[in-house]
Amino acid sequence: MRIKYKDKSETFTEDCLKSKEPFGQFKAWFEIACNTPGILEPNAMFLGTATKEGIPSVRPVLLKGYGSEGFKFYTNYESRKGRELAENPNAALTFYWEPLRRTVRIEGSVERTSTEDSDHYFASRPFPSQIGAIASKQSTVIAGRQSLMVKERELLSQFPEGKAKRPECWGGFILRPEVVEFWQGQSDRLHDRIRFRRRKPGEKPDNILTHDGENEWVFERLAP
């Protein structure tokens, strides 16, 4: 199964970078994805986690904020991903925008956002989503969908709209990147890969150092 990617004239070279640090470059690509027909959820990303023994798992989640501090998402802390992040806070994110033939891969460490941040985001969610978060003990075995519907009805009668409280088991995570890679697909499979990585302590690289205001980044091209 082979399909044609972008023409050779649309290669992604260092001259095409919109920013010499990864957050600005991500912003440029993300905004294009948000305005590209056929990309219904440009903030959908695959989150890879692992147990402390290194057993991996991957699932889609939604990006809910980003900036120089990192990439933010929300979930149930007692879900599989929540438990794995608690015991092994190393994680990876992947965005794939198929109409653009573009991927962004991000690796780093994860920590919980503040209680205030989680409360604020939970309060901004639609009421049915709030009820769903309270009703679902995510990743646990249940008897059937009907049990969820019963719990939902109970909660709807218990909480008037606007009065649902965030459960302590639900909240935000932020991934603070160490590596951000931008990939542009090419029909000849000589894909373009430009990687930003944080400068290691004591490292004096020959390639270019850039700054995001606080951190030093090295950016370099990888073979496809």
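Predicted model: local features only at pLDDT ≥ 70, side-chain atom pairs only at ≥ 80, totals over all residues.
The lining of the largest pocket divides into 6 nonpolar, 6 polar and 3 charged residues.

**Stop 1: the largest pocket.** Its volume is about 290 Å³. There are 15 lining residues, and those closest to the centre are Tyr74, Thr75, Arg125, Gln138 and Trp170. Select these five and centre the view on them. Then colour strand S2 (56–62), strand S4 and helix H4: each of them supplies at least two residues of the lining.

**Stop 2: the second largest pocket.** This pocket holds about 240 Å³ of space. Its lining has 13 residues, and to find its centre, select Ile134, Ala135, Ser136, Lys137 and Gln138, the closest to that point. The largest share, 3 residues, comes from H4. By class the lining has 6 nonpolar, 4 polar and 3 charged residues. Gln138 is among the residues closest to the centre of the largest pocket, and it is also among those closest to the centre of the second largest pocket.

**Stop 3: helix H4.** Select residues 127–135. Within H4, the residues Phe127, Gln130, Ile131, Ala133 and Ala135 are buried.

Which residues does Ala133 touch, leaving aside neighbours within four places in sequence? They are Phe122, Arg125, Pro167 and Trp170. Arg125 and Trp170 are also among the residues closest to the centre of the largest pocket. Ala133 counts as buried because its relative accessibility is 11%, under the 20% limit. For a distance check, draw a line from the C-alpha of Ala133 to that of Arg166: the two residues are 33 apart in sequence and 8.3 Å apart in space.

**Stop 4: strand S7.** Select residues 170–184, the extent of S7. How many of the 15 residues in this strand are buried? The count is 13, so the strand is mostly covered.

- Strand S4 (residues 70–76) pairs with S7 in the antiparallel sense over 6 bridges. Select Tyr74 to find its bridge partner in S7, Gly172. Tyr74 is also one of the residues closest to the centre of the largest pocket.
- Strand S6 (residues 102–112) is antiparallel to S7 and joined to it by 11 bridges. Here Glu111 stands opposite Ile174 of S7.
- Strand S8 (residues 192–198) runs antiparallel to S7, with 6 bridges between them. Val180 has Phe196 in S8 as its bridge partner.

While side chains are displayed, keep one point in mind: in a regular strand they alternate between the two faces of the sheet.

**Stop 5: the cysteines.** Select Cys16 and then Cys169. Are these residues buried or partly exposed? Cys16 is partly exposed because its relative accessible area is 33%, which falls between the 20% and 50% limits. Cys169 is partly exposed as well, with a relative accessible area of 22%. The model has 0 disulfides, where a disulfide would need a pair of cysteine sulfur atoms within 2.5 Å.

Conventions: Residues numbered from 1 in each chain as written. Heavy atoms only, no water. Buried < 20%, exposed > 50% of the residue type's maximum accessible area, 1.4 Å probe, protein only. Helix = DSSP H or I, 4+ residues; strand = E, 2+ residues; numbered from the N terminus. Pairing = 2+ DSSP bridges. Contact = heavy atoms within 4.5 Å. 1 Å grid on protein atoms, 1.4 Å probe; cavity = no way out; pocket = protein on both sides within 12 Å on 5 of 7 lines; lining within 4 Å. Points joined across faces, edges and corners; volume = space filled by probe spheres on them. Nonpolar A, V, L, I, M, F, W, Y, C, P; charged D, E, K, R; others polar.
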